[in-house]
Amino acid sequence: MASPILEAMTRKANLAMGIIEYEIDKFQEEGYKSSFNMEKYLNQLDFKPKVVQIMIDDYNRMLKELKSSDADMIEAYSYMTSAEKKKFIAFIEKIIKDANTYLDKNKKRWASESAKRKMNKTLRALNKKYR
């Protein structure tokens with residue numbers, strides 16, 4: 001059984017992925033073209049790294065399915081021409097790449113926030129001890 005925190009992070013990721021799924025649908029409906037930018041979307045949401053990693057893992061699974069030579073997976077995506085499938089794979093790869101860029105660009109900020117929380121916790125403990 002997953003921890004309540006992990007379940008909450010997964011719910012948060014799934015809600016955000018609803019918008020991404022909409023963008024994927026739009027991508028397919030509009031001739032396999034899109035201006036969607038995952039990094040920009042994540043900046044608007046200001047998600048923490050663990051939530052973003054849940055999203056990345058989900059799209060990595062989708063990418064693995066798309067590239068699979070398993071008969072069931074080939075059939076599942078058989079509605080696409082080979083050119084459409086290549087564009088779709090590239091789009092999913094871009095979503096993953098943009099999410100990883102978001103993580104890389106925010107590492108210092110998150111480390112700084114974590115250090116501040118740790119320092120404040122230590123100061124509160126010392127304050128209680130010497131009261």
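Buried residues have under 20% relative accessible area, exposed ones over 50%, and partly exposed ones lie in between (1.4 Å probe, protein chains only). The model is predicted, and local features need pLDDT of at least 70, side-chain atom pairs count only at pLDDT 80 or more, and totals for chains, interfaces and linings use all residues. Residues are numbered from 1 along each chain as its sequence is written, and side-chain values use heavy atoms, with hydrogens and water left out.

View 1. Helices (H or I, at least four residues) and strands (E, at least two) are DSSP runs, numbered from the N terminus. From that end, the order of elements is α-α-α-α-α. Of the 131 residues in the chain, 30% are buried. The chain exposes about 9,200 Å², of which carbon and sulfur atoms supply 56%. Accessible areas come from the Shrake-Rupley method with a 1.4 Å probe, and for residues only the protein chains shown count as cover. Contact means heavy atoms within 4.5 Å. When contacts between residues at least 6 apart in sequence are taken, 75% join residues at least 24 apart.

**View 2. The largest nonpolar core has 33 residues.** A nonpolar core is a set of buried Ala, Val, Leu, Ile, Met, Phe, Trp, Tyr and Cys residues joined through side-chain atoms within 4.5 Å. The residues with the most contacts inside this core are Ile 20, Phe 88 and Ile 92. Two or more residues each come from helix H1 (4-29), helix H2 (38-45), helix H3 (49-67) and H5. Apart from neighbours within four places in sequence, Ile 20 is in contact with Phe 36, Met 38, Tyr 41, Met 55, Tyr 59 and Ile 95. In soluble globular proteins, nonpolar side chains tend to be buried together.

**View 3. Helices H1 and H2 cross at roughly 145°, their axes coming within 12 Å.** Axes are lines fitted to C-alpha atoms, for helices over the stretch in contact, and angles run from 0 to 180 degrees between N-to-C directions. The contact is made on the H1 side by Ala 16, Ile 19 and Ile 20, and on the H2 side by Met 38, Tyr 41 and Leu 45. By class, this contact has six nonpolar, no polar and no charged residues. Ala, Val, Leu, Ile, Met, Phe, Trp, Tyr, Cys and Pro count as nonpolar, Asp, Glu, Lys and Arg as charged, and the others, Gly among them, as polar. The crossing of H1 and H2 is right-handed. A crossing is left-handed if the near helix is turned anticlockwise from the far one by less than a right angle, and right-handed if clockwise.

**View 4. Asp 98 is a residue of helix H5 (residues 82-129).** Asp 98 counts as buried because its relative accessibility is 7%. Not counting residues up to four places away in sequence, Asp 98 touches Asn 37, Met 38 and Glu 39. Met 38 also belongs to the H2 side of the contact between H1 and H2.

**View 5. The loop between H1 and H2 holds Gly 31 and Tyr 32.** Tyr 32 has a positive phi of about 60° although this residue is not a glycine. Tyr 32 is buried, since its relative accessible area is 10%. Gly 31, at a relative accessible area of 40%, is partly exposed. The C-alpha atoms of Gly 31 and Lys 87 are separated by 9.7 Å, with the two residues 56 apart along the chain.

**View 6. Asp 46 lies in the loop between H2 and H3.** Although not a glycine, Asp 46 has a positive phi of about 55°. Its relative accessible area is 39%, so Asp 46 is partly exposed.

**View 7. Lys 12 of helix H1 is in contact with Phe 47 and Val 51, leaving aside neighbours within four places in sequence.** The C-alpha atoms of Lys 12 and Val 51 are separated by 7.2 Å, and these residues are 39 apart along the chain. Lys 12 is partly exposed, with a relative accessible area of 40%.

**View 8. Gln 53 lies in helix H3.** This residue has a relative accessible area of 31% and is therefore partly exposed. Gln 53 and Ala 99 are 46 residues apart along the chain, and 8.3 Å separates their C-alpha atoms.
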